[in-house]
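Here's a quick walk through this protein, from its helix packing to its sheet and its cores. Have the model open while you read.

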Amino acid sequence: MFFRGIQLKPPDYGPLHQLAAAFGSTSRVVGKQLRLESCSLHPLRPPHPMPEGDTLRRAAATLAPVLDGQEVTDIWFRMLRGHRPRAGQHIERVHSVGKHLLIEFDKNLTLRTHLGMSGTWRVLRSGASVPRSPKLRIRISTEAGTALCFSAPTIETFVRGSEPSVLANLGPDLSEDEVDLAIVVERTRAFAGSKLLAEALLDQSVAAGVGNVFKSEVAFLAGVHPFTPVSELTDEQLHELWSIAHQQLVTNRSRRFRKTTPDTVRDDHFVYDRFRMGCLRCSDAIKYAAAGDRTERSTYWCRRCQARPAR
Ligand SMILES: [Zn+2]
């Protein structure tokens, strides 16, 4: 992991002390973590490294105390598309839908960010100094603190009532407590009926929130090969797949570190990022297909636990 030009190579945690010195009195090293005044960094386990629906729920919950109902005292953007919110405007609320974070300002203006593969939102307490970073994209200050967004590839505003199609076409949000999975199954047939399962799970117009980590994990937990054509799956199988995705996203909303395995299992994932490692159920080597091989995104699976569909 790189941070402010210093590479952290586990298990050498010496650089953490360099970082602590760089941050001054607002930081300290505790074990393997650098703790800043308002956040902590861990060189081995970045929290929610691939933003998915659960990440965005957590981000909204973190930002709410600083932004909800507050007047903007200072605001700065890099690479904003659309009308620019100004200091003096009020923020009505911050929330997430699927993998989108929405900050609603007065005058019907909403700021949408999509974090892509590695974007993050963080919060600083009021008065804390903002770290210099070429990755900083948004800074919003209120009397309650400052919200910072790093590395987000999509930053745009729109007038409420004229939502961009990427929001207007979203399927049910699987990070909600209650989701009508029958509708999700119907949408799978309608919008992804000719796709492979791995593609359908990522299709945000079918259901919102699943990203590349949950995609592989959900297929494993259901015992279905990720490259099974949707047309070969029964409605019951699709219902179970989406039910698992829903459970996983809701469970991980409140976790600092995403974990798809039971608490009794040390590994955080069954198959994701475990290429050639032993399957936690059958010990067979985990398989991997790179992005662009069978589908647009990389995929992991166990060939024993997730048998290929008969041709
Ligand atoms: Zn297995």
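## Ground rules

Helices (H or I, at least four residues) and strands (E, at least two) are DSSP runs, numbered from the N terminus.

This is a predicted model, where local features need pLDDT of at least 70, side-chain atom pairs count only at pLDDT 80 or more, and totals for chains, interfaces and linings use all residues. Residue numbers run from 1 along each chain as its sequence is written.

## The overall picture

The protein has seven helices and 15 strands. Of its 311 residues, 37% are buried (20 or more other C-beta atoms within 10 Å of a residue's own; 12 or fewer is exposed, in between is partly exposed, and C-beta atoms are placed from the backbone).

Take contacts to mean C-beta atoms, placed from the backbone, within 7 Å. Among contacts between residues at least 6 apart in sequence, 60% join residues at least 24 apart.

## Two helices crossing

The axes of H4 and H7 come within 9 Å and cross at roughly 120°. That makes H4 oblique to H7 (under 35 degrees is roughly parallel, over 145 roughly antiparallel, 65 to 115 roughly perpendicular, and the rest oblique). On the H4 side, the contact uses Leu 181, Val 184, Val 185 and Thr 188. H7 answers with Asp 235, Leu 238, His 239, Trp 242, Ser 243 and His 246.

## A four-stranded sheet

Four strands make an open, antiparallel sheet in the order S7-S8-S9-S13 (two strands pair if DSSP finds at least two bridges between them). S7 (91-97) and S13 (154-159) stand at the edges with a single partner strand each, so one side of each has no neighbour in the sheet. From one strand to the next, the twist averages 20°.

Now for the pairings. S7 and S8 (residues 100-105) share six antiparallel bridges, and Val 94 has Ile 103 in S8 as its bridge partner. Helix H2 (residues 53-67) packs on this sheet, touching S7 and S8, with its direction at about 170° to that of S7.

S8 and S9 (residues 109-114) pair over five antiparallel bridges, with His 100 opposite His 114 in S9. These two strands form a hairpin with three residues between them, and Lys 107 in the turn has a positive phi of about 60°. S9 and S13 are joined by six antiparallel bridges, and Thr 110 is partnered by Phe 158 in S13.

## Two nonpolar cores

A nonpolar core here is a set of buried Ala, Val, Leu, Ile, Met, Phe, Trp, Tyr and Cys residues joined through C-beta atoms within 7 Å. The largest has 38 residues, and Leu 197, Val 218, Ala 219, Phe 220, Ala 245 and Val 271 touch the most other members. H4 (181-192), H5 (197-202), H6 (212-222), H7 (235-252) and S15 (299-301) each supply at least two residues of this core. H6 gives the most, with seven residues.

A second, separate core of 23 residues includes Ala 59, Ile 103, Trp 121 and Leu 124.

## A closer look at Tyr 272

Where does Tyr 272 sit? Tyr 272 lies in the loop between H7 and strand S14 (287-289). Tyr 272 counts as buried because it has 24 C-beta neighbours inside 10 Å. Beyond its neighbours within four places in sequence, Tyr 272 is in contact with Val 213, Ser 216, Glu 217 and Tyr 300.

Methods: Contact = placed C-beta atoms within 7 Å. Axes fitted to C-alpha atoms, helices over the stretch in contact; angles between N-to-C directions.
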